[in-house]
Amino acid sequence: MVQSNDENIAMLFSMGFDHEQALQALDDSGGNVERALDSLLGGGDEGLSGAGGAPLPFAGIITHGDVRAVHSEISQYNDPMGRSACTSIALTMALKVLSQLHACDSAVPPDEFVDASFLSTSIQEGIQLFSKLRNNSGVEHLSVEEVLGAHNKSFASLSMLGNSPRQGILDSTNDLSPMGLEAVLSQCQAEATNSNSFSAIVLTKPPETVLVVLPPASSNSQTYALLDSHPRPNQLPPHNPAGSYVLFHPNLQSLVQSLKEIFPATNLGSDVPEIMAMMYNSFDVYTFQHR
């Protein structure tokens, strides 16, 4: 029996698979997380496909209630180098979203141009960026600072606000916590340097990073977007995206509910010191606007 890497199990667990599913898949795949994910998604040895070799859920648009989802069949795991590339991908998405918004003076909201093709292209570009950094540094998981420092010219049009990174703590018992998701994102929105421009929030909860796009606090826009290069086949019902996706929400509260599905607070039990539990449930946000 192959000893599975704890980090790989944690990554699969964070995507909605239970511990036993993740452990078994990793054992069956010889510890290869890409093959394990393929197996969990139903692809077996035939690649990313559904039960009986059927295609993955279509790359398109699903609307449920007030939330609209755009799916792409491509996720970061389609490329062997993409496994740990989510921070580079999120920053690439931030650059592309804010550049597009800047070009149209924010007159065209993200839900009018972020589509399946946008997701796929951003993932490919982000993985290429990550591959260069990985080859030079040998580090598997790169921080926002490391990506920006190595490719400062590529991201020259992005301005990281002075309060970044801002730290928060996931809390399942207190939705109004001053360090909770809603409070932290509200602060980022309120403190934006340009009050008339959208903000891109790179949110990191190790080992995963996603992108959140917030409208100006003074705007009538109701587009709160979550862009994610990870598949979430057992999360975010009824969408359960098997590839990358973007969710468009009508308000901040709806966005926060989706984030809680992805990053639920974990109760480590009374035996774990409070400070360690807080560190485990901590997240960082980096706020960007176009220069």
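Which helix holds Leu252? Select helix H8, residues 252–262, and Leu252 is there. Helices (H or I, at least four residues) and strands (E, at least two) are DSSP runs, numbered from the N terminus.

Before going on, some ground rules. This is a predicted model, where local features need pLDDT of at least 70, side-chain atom pairs count only at pLDDT 80 or more, and totals for chains, interfaces and linings use all residues. Residues are numbered from 1 along each chain as its sequence is written, and side-chain values use heavy atoms, with hydrogens and water left out.

**Stop 1: the whole chain.** Show the protein chain: nine helices and nine strands. Of its 291 residues, 49% are buried. Buried means under 20% relative accessible area, exposed over 50%, partly exposed in between (1.4 Å probe, protein chains only).

**Stop 2: Leu252.** Zoom in on Leu252. Its relative accessible area is 7%, so Leu252 counts as buried. Select what Leu252 touches, leaving out residues up to four places away in sequence: Glu182, Leu185, Ser186, Leu214 and Tyr224. Then pick Ala225, 27 residues from Leu252 along the chain. The C-alpha atoms of the two are separated by 9.3 Å.

**Stop 3: helix H2.** Move to residues 19–28, helix H2. Colour its buried residues: Ala22, Ala25, Leu26 and Asp27. Step just past H2 to Gly30, and check the backbone: phi is positive there, about 70 degrees.

Notes
Contact = heavy atoms within 4.5 Å.
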